Amino acid sequence: TTPLDVVKTRLMLGSDSNGVPYRGVADTVRRLIAESNASHSHSITSMNSVRVLFSGVGPRVMWISIGGFVFFGAYERVVSLLTPPASH
């Protein structure tokens, strides 16, 4: 997912795993970054911040790709059914 999707999902949940409510977008982003840095204290801070905001990109790309393949396949089949055969 995109960073905005991650923030939106956290805001929709309403509170973190400790039950502390989120107080808006800025608070949510700040806490996501802090949460990431706390769980990966041995790594580079900025990379962890980016990683947590793009945490769902892989599954989303796979889902969109599968949908694209199905749509394109269905489109090609319908076009072939609706196109009259070429006469010689």
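The following dialogue explains how terms are applied to this predicted model.

Me: What kind of model is this, and how are its residues numbered?
Reply: The model is predicted: local features need pLDDT of at least 70, side-chain atom pairs count only at pLDDT 80 or more, and totals for chains, interfaces and linings use all residues. Residues are numbered from 1 along each chain as its sequence is written, and side-chain values use heavy atoms, with hydrogens and water left out.

Me: How many helices and strands are in the chain?
Reply: The chain has 4 helices and 0 strands, and its pattern along the sequence reads α-α-α-α. Helices (H or I, at least four residues) and strands (E, at least two) are DSSP runs, numbered from the N terminus.

Me: Why is Asp5 called buried?
Reply: Buried means under 20% relative accessible area, exposed means over 50%, and partly exposed lies in between (1.4 Å probe, protein chains only). Asp5 has 18% relative accessibility and therefore counts as buried. The buried residues of H1 are Asp5, Val6 and Val7. Of the 88 residues of the chain, 17% count as buried.

Me: Why is Arg60 called partly exposed?
Reply: The relative accessible area of Arg60 is 38%, so Arg60 is partly exposed.

Me: How do you know that Arg23 forms a salt bridge with Asp27?
Reply: The closest N and O atoms of Arg23 and Asp27 are 3.7 Å apart, and the pair therefore qualifies as a salt bridge. Arg23 has 67% relative accessibility and so counts as exposed. Asp27, in contrast, has a relative accessible area of 8%, and is therefore buried.

Me: Is Arg31 called buried or exposed, and which residues does Arg31 touch?
Reply: Arg31 has a relative accessible area of 13%, so Arg31 is buried. Not counting residues up to four places away in sequence, Arg31 touches Asp16, Val20, Pro21 and Tyr22. Contact here means heavy atoms within 4.5 Å.

Me: Which residues make up the largest nonpolar core?
Reply: Val6, Val7, Leu32, Val52 and Leu53 make up this core, 5 residues in all. Helix H1 (3–13) and H3 each supply at least two residues of the core. A nonpolar core is a set of buried Ala, Val, Leu, Ile, Met, Phe, Trp, Tyr and Cys residues joined through side-chain atoms within 4.5 Å. Leu32 touches Val6, Val7, Arg10, Val52 and Leu53, not counting residues up to four places away in sequence.

Me: Why is Ile33 called partly exposed?
Reply: Ile33 is at 27% relative accessibility and therefore counts as partly exposed. Ile33 lies in helix H2. The C-alpha atoms of Ile33 and Val52 are separated by 7.2 Å, and these residues are 19 apart along the chain.

Me: Which residues form a nonpolar patch on the surface?
Reply: Val50, Phe54, Val57 and Val61 form the patch, with about 320 Å² of accessible area together. Patches are made of residues with over 30% relative accessible area and no salt bridge: like charges are joined within 9 Å, nonpolar side chains (Val, Leu, Ile, Met, Phe, Trp, Tyr) within 5 Å. Accessible areas come from the Shrake-Rupley method with a 1.4 Å probe; for residues, only the protein chains shown count as cover.

Me: Why is Phe54 called partly exposed, and where is Phe54 found?
Reply: Phe54 has a relative accessible area of 43%, so Phe54 is partly exposed. Phe54 is found in the loop between helix H3 (45–53) and helix H4 (57–82).

How values were computed
Salt bridge = Lys/Arg side-chain N within 4 Å of Asp/Glu carboxyl O.
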